[in-house]
Structure formats: C-alpha cells, structure tokens
Amino acid sequence: MEVRVVLGKVLALIYRCRILESDDHDDLIKTVLQTVRTDAPGNNFGSVNIVARLKEFCLELVENKDLVVKEVLIPRLQLTLESDAKLLASVRESVETDHSEASTKRIVSSLVKVLHNYYREHQAVLLINKAQYDMTFNRAKVGNFTDYLRNMLGQLEPLATMSTTLKDPAVVSEVDFDLPDEVTKVFEEVRDLNNNTAVYKFGWQAMNRMTQGGVRLGETVYVAALPHRYKTGTTCSMFVDIAVQNVPIIREKDAGKKILLLRISFEDNLTYNLQFMYQYLKAAEGTPVKPDELSNLTASEMSTYIRAQMTRNGFHIKMMRVDPNQWTYSHLCNEIISLEAQGYAIHICMVDYLLLLPTTGCVQGPAGTDKRDLLRRTRNFMSARGIGFITPGQLNTEAKRLMRTLPGHMFLEEIAEKGMYADSSQLDQEIDLEIYVHLFTHKRRKYLSVRRGKHRLATVISEEDKAFILPFAGLNIPILPDIGKPDSSMQTLPKSFGSGETNDFSADLLG
C-alpha cells in the first residue's frame, strides 16, 4: 500500500476513534507510524515533503485530543496537504462525512484490519529481505542452513495468522499493578472460576463433581483412552450436554455476539457423529431409537429434531469434518479468527482429535517434542480467547500392555497421571484438565470407568470424587445424562443384577 494512503487511513482512524472517545488503537497507530520512512524517494510534491508533514500531523493528533475536531482538523489538513489535492479530498471526505455510532464502529474495525494487514506485510517483507541479504552477502555467517530456515519460518508463522491487534502473540495475559482496573479484572475471573459462573456443566453429576462444575472457559481438557474405548462417545456426549444442559454465558466482551459451540472432526464422518447425537438425545428423553429404525425416519424429521434440541437454549452450533493432512495449527487458528470476524463468540471448541494435525511450524526435537508444542500453541491460543478447548487423545502401548493384566475397573487407577500418552509422555505439562476413560466388560455388561488426572485449579477435591464408573443403558444405547435425576455413577461394581435386567449387550457405539 502506498505510504500516503496508509497515512490517510491512520488519520481517519484517529478521528473516528476520538468520536467514540476511544484510545484502544493508539498503539496500532503509533506502531504503523514508526514504519513510515520520511526520507524515501517520491515523498516530495514539488519542494514539499508530504509524507513527513502528514506523519508529523498524525503524531500530533495522537498526543493532543483537542486537535481532533472538525473546526481545527480541516484547516490544518488544508495546510498540510495543499500540494496534494487528491489526497486532501480523500482524507477530508473521511472526516467531514457524519455516521451513526454503529457505522463509525464498523469503519474503525475496517480501518484497523487494513492497517494491521499493512503492518504484517511490512514485517514479512523486512524478514524476507533480510533472509535474501543473508543468503547473498552473509552466507558464511548463516551457519547451519536448516537451523536458519527453521528460525526464519518461526518468525514468519505469526504473521501468517490473521489478527486485529498488534499485541505480542506470546503474551497470553498480563496484569500491571499500577493499573487497578487490570488487577480487579483478574479477580473478577478468579471469582467467576470459583462460583461457576464461567463454567459449562456436563451431563453427568459425577463428572461435574470431579471437575468442580464442568469445563471452564479458557481451559484445555484432554480426554485420554486406548483405541476404541469410548473417547469419541465421551466427547460427543459432552458436546451435546453442554448445549442442552446450559444456557450461554454472556461475558462483557460477548455482548451482541452469537455464542458458538464448535466441533471439528479429523477422524469420523459427520454422519456418524450426528447419528450418535440423535440417538443420544432420543434415549435421554426416554424414546430410544435403534439403528435399524433410523431408515423409517425422514432426513427432515431427524434434522428438525436435532437442530431444535441443540439450539433450544440459545447456542449456535457448527460441526466440521476436516482432512488433517491438509490443515495445520495455523489453519485451525485462522478458522477460529474467521468465525470471530463473522460475529461469533466461540465458547467451546472440540477437536477430535488435535494431535492428528501435522506439526508444521512447531518446535522439532526428540520424539514427541513437536506434538507437545502443537498442544501448547493451541492451548495458549484458546486460553487467550477464553475458549473452552476439549480434545481426545491416545494412550501408549505400555498402557495397552497393562490393560491385559488388570481388571477393567482398576486399569485407570494404575495408569492415571503417569504420562502414558502415545504422542508424548510430557503432554500433561500442557493440559489444564486430564480425564481418563476406559470402556470395559463386567459380567457381560459394559461400563465406562472415568478418572481425573491433573487439574490446574487451586482448590482440592476428595479422592473419592476423582473416579467413578458409569453403566451403559442398554443395547446400542449410550451412557445417558443424569442431571435432574438420580445419580447414575458408582464407586464399585454391582455384585449381581436386579430381576429383569439384561446382562448381555454390545456397546457398539463411537469409540
């Protein structure tokens, strides 16, 4: 973008921000102005350096709010840009035209995006030019080319992720004790965490006791199990229950936005997920539908039902199936940012499962380093936006060997919190909440054992609340929610079944 046009947009942004009595974008304005060279060829119109004049005027406006009124601004503009009639007309029009408050906010948002894109492009060009110079004239000083290239890509990657702020992407949160409002805001979050006002409950009472209320906004939850042991079934149930057992939490920053629950699958077709959710909802209301009965229903009937149930409390729901081989961490972040730009506030993002993504751009090293870095980057990205992030993951072969030697209900007690993850034994360092699940058979009935590992909370719960067992309801019926009903969880397995109970069925559900 031509530098005079950039300065014109900077001036328009200053004016529109002052109309809104806002200085939120002053850092962006000052940062962009620092990139403007006043000694570049082509800055002069005749004997006047228009760029130097306009940059100086913009800096003056940022520091002196009293100048940002039409009666003062327009005469100064005429003097500053007298030799550039076209630019003067453009900037003057942007100042003289009156807009409603809503329209002004949209103009500010548009200008911020334009200037941020300019800054990103400017930074990327500097990095690329430096790399070209180093390769051409300083090749001997570069050293190991692979290390140099990895470092360069690491610097370029944040510039490829769209954002509307110039805040350092490494800073997830901060507090300055010289600013009382910042400290107060943190303690408001502390209060919300402890009184469960920023928490979405699950559908199982025992799970809510174990997690001290449910999933917190900004928390990363890792649901770990061996293959085909009900990871996807557990997370699908969580997703449905968050939608039907809660109402949207409206934070100050969410005002006017659409509260979104997002589920992205890298493994299962959406047809499998939606069938599970449909059968789960129908069974929960007491009208279970067998798989062979689905063919008797029309697509419209099933669609109308599941949409009504999932959105009845005011949530917006989006589900995606993505080929992970064609995505990276950056694509996931960009999808989130794109949805935010469309007016959504994403409260829950569930990815089944994250570590299937290629680790392009992540730190490489000993086995598992890249996977751990992928989880770390995702956690920090979600935490900074206050998004509850849930993803399942696999346990390793050592855990699989232990499974063969232990009774099903004792398996999780042996492996929990021992880092037995397939992708990295140090994943737990990047997780806020570990939940282990294990599907097993006892006397020809299916059960789900659940145990909590690490939880990054300051409070402590009793040991007995850290583990429980849930029974499957019947043939091809998932574990049903028990909110508002008798607690369905157990601490120990039943010794016998009551009269009339079936004891032979298959839990042929999502693993």
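Student: Which residues of α1 meet which in α3?
Tutor: Val3, Arg4, Leu7, Gly8, Val10, Leu11, Ile14 and Arg18 in α1 meet Ile50, Val51, Leu54, Lys55, Phe57, Cys58, Leu61 and Val62 in α3. Contact means heavy atoms within 4.5 Å. Helices are DSSP runs of H or I, at least four residues, numbered from the N terminus.
Tutor: This is a predicted model, where local features need pLDDT of at least 70, side-chain atom pairs count only at pLDDT 80 or more, and totals for chains, interfaces and linings use all residues. Residues are numbered from 1 along each chain as its sequence is written, and side-chain values use heavy atoms, leaving out hydrogens and water.
Student: At what angle do α1 and α3 pack?
Tutor: About 20 degrees, with axes 10 Å apart. Axes are lines fitted to C-alpha atoms, for helices over the stretch in contact, and angles run from 0 to 180 degrees between N-to-C directions. So α1 and α3 are roughly parallel (angles under 35 degrees).
Student: New topic. How do the axes of α1 and α5 sit?
Tutor: The axes of α1 (residues 3-19) and α5 (residues 85-96) come within 9 Å and cross at roughly 20 degrees.
Student: Which residues make that contact?
Tutor: From α1, Arg4, Gly8, Leu11, Ala12, Tyr15 and Arg16; from α5, Leu87, Val91, Ser94 and Val95. They divide into six nonpolar, two polar and two charged.

Methods. Helix = DSSP H or I, 4+ residues; strand = E, 2+ residues; numbered from the N terminus. Nonpolar A, V, L, I, M, F, W, Y, C, P; charged D, E, K, R; others polar. Parallel < 35°, antiparallel > 145°, perpendicular 65-115°, else oblique.
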